[in-house]
Amino acid sequence: MTLGEFIISNQKAFKYSSGELSRLINSIRLAAKVVNHEIRKAGLVDITGAAGDINIQGEAQQKLDVLANDLFKQTLINREIVCGIASEEEDDYVIVEGQNKTNDNKYVLLMDPLDGSSNIDVNVSVGTIFSIYRRVSPIGTPVTKEDFLQKGSEQVAAGYVAYGTSTMLVFTTGNGVNGFTLNPAIGTFYLSHPNIKFPEIGKIYSVSEGYFTHFQEGMKRFLVHCKELNKEDNRPYTARYIGSLVTDFHRNMLKGGVYIYPATAITPNGKLRLLYECNPMAFICEQAGGKASDGFTRILDIKPSELHQRVPFYCGSKQLVQKAERFMSEFSAEEKPYYDMVSNNDNTH
Ligand code: AHG
Ligand code: MN
Ligand code: MN
């Protein structure tokens with residue numbers, strides 16, 4: 001089944017079935033293919049540019065995360081399919097106006113247009129993350145910040161594109177998680193991974209352990225636990241860390257594991273952004289039977305206060321996340337207010 005066929009046959013099952021959400025997913029499908037095309041030639045840009053045909057065009061020299069941002073934004077704006085966009089690459093949210101300066105669309109889209117972008121230079125997988133909400137302000141008026149600062153539990157749909165050895169679009173509209181693989185020869189996504197579920201028992205942990213010295217006590221103890229020998233729960237676990245959230249998450253969802261970007265002494269709120277990274281991945285995670293928290297609290301229950309706010313992120317197989325949480329509440333509960341009290345926006349990293 002192709003993604004196009006899937007959207008048509010599932011339209012009734014989508015939360016809001018006016019067709020607007022289907023058209024929006026269709027636009028994301030198109031933008032994903034365009035970005036995929038650009039990423040696949042990333043290593044060639046300098047070579048072909050030296051031959052004089054691409055490099056003189058501004059676009060080819062643009063950083064790929066800015067280019068991906070522009071391509072997604074433009075695809076959505078051109079189709080007048082959303083009323084507002086917020087992106088990791090934009091300082092503020094973007095109001096989308098229709099040709100007549102009005103806009104009757106009810107959805108806002110938030111995105112991390114290129115996740116793991118530092119991996120581009122070394123030919124390692126990257127991704128795009130998106131999150132969709134129904135606006136809370138009246139239709140026909142310009143969107144407001146409140147339309148974007150909704151709890152993750154209000155998401156209507158969320159997904160990611162993984163530009164890996166193959167390109168996959170994985171998304172949920174609140175009815176389970178489905179994965180589609182691009183056949184590059186004909187530019188069509190096919191349903192390759194229906195109804196994805198996290199394996200009950202996972203044994204992969206994905207953390208940048210290089211920052212161990214900066215971690216809270218609970219996190220340190222959890223990492224020591226992962227490495228201890230214990231046949232009963234299959235320890236020691238396997239360490240895997242790519243440094244692309246999308247790719248680390250995708251692998252863990254298929255094989256079973258936990259991804260953690262914890263609070264550190266230098267980045268008390270972790271690194272990942274609540275709105276563009278954690279909320280969409282948490283929604284997908286829960287829809288696949290997993291669990292996502294900040295070490296103490298469910299991610300989807302956090303009321304955002306700022307567009308670019310960061311939050312510690314624990315997500316993956318339920319049992320592993322619960323285990324990490326137990327270490328955090330036993331050994332770091334009194335440290336929790338430490339990161340709560342620090343401003344959400346000042347930890348650049
Ligand atoms: P982005 O490229 O959108 O800035 O995100 C990178 C993120 C995430 O994908 C990854 O897991 C994490 O940063 C890696 O951070 P460290 O290099 O600190 O491990
Ligand atoms: Mn990112
Ligand atoms: Mn990014």
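The manganese ion that is ligand 2 is coordinated by three residues, D112 (OD), D115 (OD) and E277 (OE), at 1.8 to 2.2 Å. Please bear in mind throughout that this is a predicted model. Along the sequence, the spacing of these donors reads D-x2-D-x161-E.

The manganese ion that is ligand 3 is held by E88 (OE), D112 (OD) and L114 (O), at 2.2 to 2.3 Å. Its donor residues follow the spacing E-x23-D-x1-L. L114, at 1% relative accessibility, counts as buried. Which residue coordinates both manganese ions? The answer is D112, and the two ions, ligand 3 and ligand 2, are 3.8 Å apart.

Next, let us consider ligand 1. It is surrounded by 18 residues, and the closest are D115, G116, Y241, Y259 and Y261. A polar side-chain atom of D115 lies 2.7 Å from an oxygen atom of ligand 1, and a polar side-chain atom of E88 lies 3.1 Å from an oxygen atom of ligand 1. In the case of S117, a backbone N or O atom lies 3.0 Å from an oxygen atom of this ligand.

The model contains an open sheet of eight strands in the order 2-1-3-4-5-6-7-8, with mixed pairing. Strand 2 (94–95) and strand 8 (188–193) stand at the edges; each has a single partner strand, so one side of each lacks a neighbour in the sheet. As a reminder, strands of a sheet pair through backbone hydrogen bonds, either parallel or antiparallel. Strand 1 (residues 84–87) pairs with strand 2 in the antiparallel sense, over two bridges. Within that pairing, G84 has I95 of strand 2 as its bridge partner. Helix 8 (residues 245–255) packs on the sheet and touches several strands, including strand 3 (107–115), strand 4 (126–134) and strand 5 (157–163). The direction of helix 8 makes about 100° with that of strand 5.

Conventions: Residues are numbered from 1 along each chain as its sequence is written. Chains are lettered from A and ligands numbered from 1 in the order in which they are written. This is a predicted model: local features need pLDDT of at least 70, side-chain atom pairs count only at pLDDT 80 or more; totals for chains, interfaces and linings use all residues. Side-chain values use heavy atoms; hydrogens and water are left out. Donors are N, O and S atoms within 2.8 Å of the metal (3.2 Å for Na, K and Ca); water is not among the atoms, so sites may look incomplete. Buried means under 20% relative accessible area, exposed over 50%, partly exposed in between (1.4 Å probe, protein chains only). Two strands pair if DSSP finds at least two bridges between them. Helices (H or I, at least four residues) and strands (E, at least two) are DSSP runs, numbered from the N terminus. Contact means heavy atoms within 4.5 Å. Axes are lines fitted to C-alpha atoms, for helices over the stretch in contact, and angles run from 0 to 180 degrees between N-to-C directions. A residue is near a molecule or strand if one of its heavy atoms lies within 4 Å of it. A polar contact is a pair of N or O atoms within 3.5 Å; within protein, one must be able to donate a hydrogen and the other to accept it, and residues adjacent in sequence count only if both atoms are side-chain atoms.
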